[in-house]
Amino acid sequence: MTTQINPIDADGSSSLDEVTTSIQYKFKDLALLKKALVHRSYVNESVREEHNERLEFLGDAVLELIITEHLFRTYPNRPEGELTSFRSAVVRTESLAAASRELGLGEFIFMSKGEEATGGRNRDYILANTYEALLGAMYMDAGLKQCEKLVESTLLGKIPEIVEKRLDIDPKSKLQEISQEKYKYTPTYTVIKEEGPDHERIFTVQAIINEKGMGTGSGKSKQEAEQAAALTSLQMLADNML
């Protein structure tokens with residue numbers, strides 16, 4: 001969608017209605033939903049608003065509990081190490097960002113004009129953080145059961161494929177294994193961009209195989225960005241193998 005809407009301005013009732021329709025839940029306290037959509041950058045332009053990072057903190061814990069309990073009940077014969085690995089694959093930034101896109105949340109996030117101009121509405125880590133903030137807001141508004149419904153509709157369906165294909169295995173290790181076997185080269189990684197303030201630095205990294213640029217990925221650390229770049233590269237290799 002090309003038209004961006006600020007749901008807080010002019011009480012935001014129509015745009016918030018669109019969000020509640022997408023998530024299939026009507027908030028009792030709309031202020032919580034509004035807060036879940038406010039990125040830190042927006043606070044610099046509107047000091048009256050509070051950003052969503054506290055709700056993100058809460059939502060992260062709620063999400064971990066829901067996924068952990070589901071894995072525990074669904075895979076009773078799997079050891080805790082594998083369950084932990086499965087959980088990490090489900091809640092990684094790319095997965096949460098995809099869920100956020102499915103819900104159309106990017107259109108309604110409040111951010112600075114500068115952040116928006118540089119593609120912030122489609123940036124994985126912002127979308128993932130907003131998903132967690134939304135969960136935190138839903139937990140405060142209605143409790144765990146309502147959060148479980150959202151997670152079930154957006155994330156739980158991905159778990160069977162992750163378990164069956166072992167997509168939880170460290171992407172860098174998997175890329176190295178495939179690259180050495182197929183091309184006889186070990187992948188390297190190079191930082192192609194750094195942005196954001198020191199307390200919220202974002203790195204963008206590209207994987208390189210035999211001097212050929214492969215997938216890119218972003219993260220709050222170089223290590224996280226490298227894992228994201230490796231995952232994108234694996235997807236590129238899989239497409240080429242079809």
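At 1% relative accessibility, L16 counts as buried, where buried means under 20% relative accessible area, exposed over 50% and partly exposed in between, with a 1.4 Å probe and protein chains only. Select L16 and you land in helix α1, residues 13-23; helices here are DSSP runs of H or I with at least four residues, strands are runs of E with at least two, and both are numbered from the N terminus.

Before moving on, a word about the model. It is a predicted one, in which local features need pLDDT of at least 70 and side-chain atom pairs count only at pLDDT 80 or more, while totals for chains, interfaces and linings use all residues. Residues are numbered from 1 along each chain as its sequence is written, and side-chain values use heavy atoms, with hydrogens and water left out.

**Stop 1: salt bridges**

How many salt bridges does the structure hold? There are 17, each being a side-chain nitrogen of Lys or Arg within 4 Å of a carboxyl oxygen of Asp or Glu.

Select E50 and K35, whose side chains form one of these salt bridges at 3.4 Å, N to O. This pair links distant parts of the chain, 15 residues apart: E50 is in the loop between α3 (40-43) and α4 (53-74), and K35 is in helix α2 (residues 30-36). E50 is partly exposed at 40% relative accessible area, and K35 is partly exposed too, at 27%.

Next, pick R87 and E64, which meet in a salt bridge of 3.9 Å, N to O. Because R87 lies in helix α5 (residues 80-91) and E64 in helix α4, the pair ties together parts that are 23 residues apart in sequence. E64 is partly exposed, with a relative accessible area of 39%.

**Stop 2: a salt-bridge network**

Select R78, E82, R166 and D168 together, and you have a network of salt bridges. Within it, the side chains of R78 and E82 meet at 2.8 Å, N to O. R78 is partly exposed at 31% relative accessible area, and E82 is partly exposed at 22%.

Now centre on D168, in the loop between α10 and α11. Is D168 buried or exposed? At 6% relative accessibility, D168 counts as buried. Its side chain makes a polar contact with the side chain of R166 at 2.7 Å. A polar contact is a pair of N or O atoms within 3.5 Å; within protein, one must be able to donate a hydrogen and the other to accept it, and residues adjacent in sequence count only if both atoms are side-chain atoms.

Show the surroundings of D168 as well: leaving out residues up to four places away in sequence, D168 touches S85, F86, A89, R92 and I162, with contact meaning heavy atoms within 4.5 Å. D168 and F86 are 82 residues apart in sequence, yet their C-alpha atoms are 5.4 Å apart in space.

R166 is also in the loop between α10 and α11, and R166 is partly exposed at 25% relative accessible area. Check its backbone: phi of R166 is near 50°, a positive value in a residue other than glycine.

**Stop 3: another positive phi**

Jump to K184, in the loop between α11 and β1. K184 has a positive phi of about 65° although it is not a glycine. K184 is exposed, with a relative accessible area of 65%.

**Stop 4: R123**

Select R123, in the loop between α7 (113-117) and α8. R123 is buried, with a relative accessible area of 12%. Its side chain joins that of E115 in a polar contact of 2.4 Å and reaches the backbone oxygen of T118 at 2.6 Å. Neighbours within four places in sequence aside, R123 is in contact with E115, T118 and E195.

**Stop 5: the largest pocket**

Finish at the largest pocket, with a volume of about 820 Å³. Of its 38 lining residues, R92, E94, L231, T232 and Q235 are the closest to the centre. A pocket is an open set of points on a 1 Å grid over the protein atoms alone, where a 1.4 Å probe fits and protein lies on both sides within 12 Å along at least five of seven lines; lining residues have an atom within 4 Å of a point. Points are joined across faces, edges and corners, and the volume is the space filled by probe spheres set on them.
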